[in-house]
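Here is a short report on selected features of a structure.

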Amino acid sequence: MALSQEENPFSEEKFEDGCSIEECLGRKGKNLGVEFKSEKLCEGIDDILPNDPFDMGVTLGLPNDPFGMDFNIGATVMAISGWIEDIEKNFGRKSSGFEMGEASGVKKDDNKLFSELNFILSSSMKFELEVGDEKGIDENSVDSDMDSDHGLYEHHYLLEGNTEESICFGCEKYSISSAEKKGNELVTNNNDGNEGAPPDALFFALGYLGVRDLLSVESVCKSLRDAIQNDPLLWREIRIDYPLNVKITDDALVRLTDRAQGSLHSLNLVNCFKIKDSGLKRVLEKHPRLTKLSVPGCIGLSIEGVLTNLKSFKSSGKTGIEILRIGEICSVKDDQLKELRLLLGEDKDKQRTAHKLHFYRYGQLYLSLEDECAIDVNVCPRCQHVRLVYDCPAKSCQQRPHTSQSCRGCTFCIPRCINCGRCLNDTDYEETFYLDLICLNCWMDILNCQDRVTLSPKLPYIHQQASYSLFIYD
Amino acid sequence: MSSSEERKLILKSSDNEEFVVKESSAVQCLTIKNLVEDRCVSDPIPLANVDSKILALVIEFMEKHAETTLSNSEKKEFDVEFVKKPFDDLLELILAANYLDFRELMDVLCNTCAKQMENWSVEEVREKFNIQNDYTVEEEKAARAENPWAFE
């Protein structure tokens, strides 16, 4: 499972010397290296991430064990070079996608310790949402008509991240295009000769912008501000995910939802860990027409709080919430699940026919609000705990549905590939940097992807296929 | 004539260029569909707000999406290529799609624009759309102070 925002050590905190992770990992758009305050050559693993490079008796530099894993950075670096050797041994040098380069003037070390790791990444990476998907302000829809063969490489996902968030050794398939960003063009104003005013078409596009972009665009000029702040239709469906999820508080959420002027009908808070039961209660009190509520990963909420809120919401004569997503905010007991189903007015017959297959895939781990299931969690058929339960896209597994041997269960019972979602019981797999698992087929596809383009320093625009070139200097 | 599949309409752009389209394709535009259903169709149908260049593009899109032989993924591939146009053209197409009430085209175009605009800073939006900042310094500060948490 990918690290949640809370767990991610590469947060916006600065190190004790005031150097931010971004500064330490490299400037935007340039090759990233692990940079140090001193210019001295690094000759050993211990020199790569020294805590006190100047022997000043103070702790500088990078933390020793950012993941809290009893972790030895030297061992990790050794492991990385080991992985690359394995790949080259098993699949041949060319297929690895990794190129070994030698910096001039640096001597080889027998132990293959290397003095500098260069990641050819830029500091923000984007994976583009497929055109034709719903507008950004809506929940991402799960395309349940996908074949089992379709994986991440059939779609490209727009996911924002700084490099510290998304350093991943080729676990997804992307390409880096240096020429595609059309945003560099200047636009002539087609607003009936009203110089300096925003083009009329921009107002139509507002409804397709995410919350973050709306908040940004409203600072552009007064007419856009008025359009964004005063149009409740723009705020009927609100989705908060990265990067706003780490910042939004109860007060901010209430202020934001107030813009809907009581007409909010869908609220999707993804991994918003600062939101508490009291904040959610305030939102529910002001929006009687809310019918879809999704709070996956909002670990500030409790199941008891959710139950209480839903009960009082329904009791005041409103329709109540009909669709709820609580993907693993906390452990849910059987009786609590039953009570939730009752509150949601779940129609059992409808649920059986409405159920679409839910695969474990990066970007689709949580069930969409567009799915007609009243609630996303289920009793795992294997361990009997209430969890997110996934189906298996593998053809062999799909032939035995609804049987005791069906390949359907939570990820604790059935580990799955983060790319295609297939079970990993009968196949080899690799573990990614974020501790997700990826099956060998997907891993091979990534390594053999056709377009190998080195990242352009200026345009961090990645879509569909890419490889990372890892340069190791001995 | 014969079946409705073969019925054709003539659309005339603002610069008086005429385009022949199948009625079955054209009724994806609800504006045209309403005219046809209300039997208000003159020949040709004047579209005063759409010039020939844009109308040609709209027709290209509508005919592709009206083809029943194409799968959804093939249509999506076409969409991806279709939106690879200068930003100006996309904005004009949005206005035309709105005027013609062509929902599918509107969704594709607006999603594309929204994607391109993602994470633009305030200054970038002003620069790219040539928008003048009509805030005073105090007003701009107040606007940003509305939701300071989003910009920390």
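## Aromatic cluster in chain B

B:Phe61, B:Phe78, B:Phe82 and B:Phe102 are linked into a cluster by ring pairs. The model is predicted. B:Phe61 belongs to the buried residues of α3(B).

## Two aromatic pairs

Over all chains, a search of the whole structure finds 9 aromatic pairs. One of them joins A:Tyr360 and A:Tyr390. The geometry is edge-to-face, with 5.0 Å centre to centre and 75 degrees between the planes. A:Tyr360 sits in the loop between α13 (348–354) and β10 (377–379) of chain A, and A:Tyr390 in the loop between β11 (386–388) and α14 (395–398) of chain A, so the pair ties together parts 30 residues apart in sequence. A:Tyr360 and A:Tyr390 are buried.

B:Phe87 and B:Phe129 also form an aromatic pair. This one is tilted: the rings are 5.6 Å centre to centre, with 50 degrees between the planes. B:Phe87 lies in helix α5 of chain B and B:Phe129 in helix α7 (residues 122–129) of chain B, so parts 42 residues apart in sequence are tied together by the pair. B:Phe87 and B:Phe129 are both buried.

## Helix α3 of chain B

Helix α3 of chain B has 15 residues (52–66). At 1.5 Å a residue, the helix should span 21 Å. The end C-alpha atoms are 21 Å apart, which agrees. At the start of α3(B), a side-chain oxygen of B:Asp51 comes to within 3.2 Å of the backbone nitrogen of B:Lys53.

Which residues of α3(B) are buried? They are B:Ser52, B:Ile54, B:Leu55, B:Leu57, B:Val58, B:Ile59, B:Phe61, B:Met62 and B:His65.

## An open sheet in chain A

Chain A holds an open sheet of 4 strands. The order is β6-β7-β8-β9, with parallel pairing. β6 (237–240) and β9 (323–325) of chain A stand at the edges. Each has a single partner strand, so one side of each is left without a neighbour in the sheet. From one strand to the next, the twist averages 5 degrees.

What joins β6(A) to β7 (residues 266–269) of chain A? The answer is 4 bridges, and the two strands run parallel. In β7(A), A:Ser266 stands opposite A:Glu237.

Terms used: Residues are numbered from 1 along each chain as its sequence is written. Chains are lettered from A and ligands numbered from 1 in the order in which they are written. This is a predicted model: local features need pLDDT of at least 70, side-chain atom pairs count only at pLDDT 80 or more; totals for chains, interfaces and linings use all residues. Side-chain values use heavy atoms; hydrogens and water are left out. Two strands pair if DSSP finds at least two bridges between them. Axes are lines fitted to C-alpha atoms, for helices over the stretch in contact, and angles run from 0 to 180 degrees between N-to-C directions. The expected span of a helix is 1.5 Å times one less than its number of residues. Buried means under 20% relative accessible area, exposed over 50%, partly exposed in between (1.4 Å probe, protein chains only). A polar contact is a pair of N or O atoms within 3.5 Å; within protein, one must be able to donate a hydrogen and the other to accept it, and residues adjacent in sequence count only if both atoms are side-chain atoms. Rings of Phe, Tyr and Trp (its six-membered ring) pair if their centres lie within 6.5 Å; planes under 30 degrees apart count as stacked, over 60 as edge-to-face and the rest as tilted.
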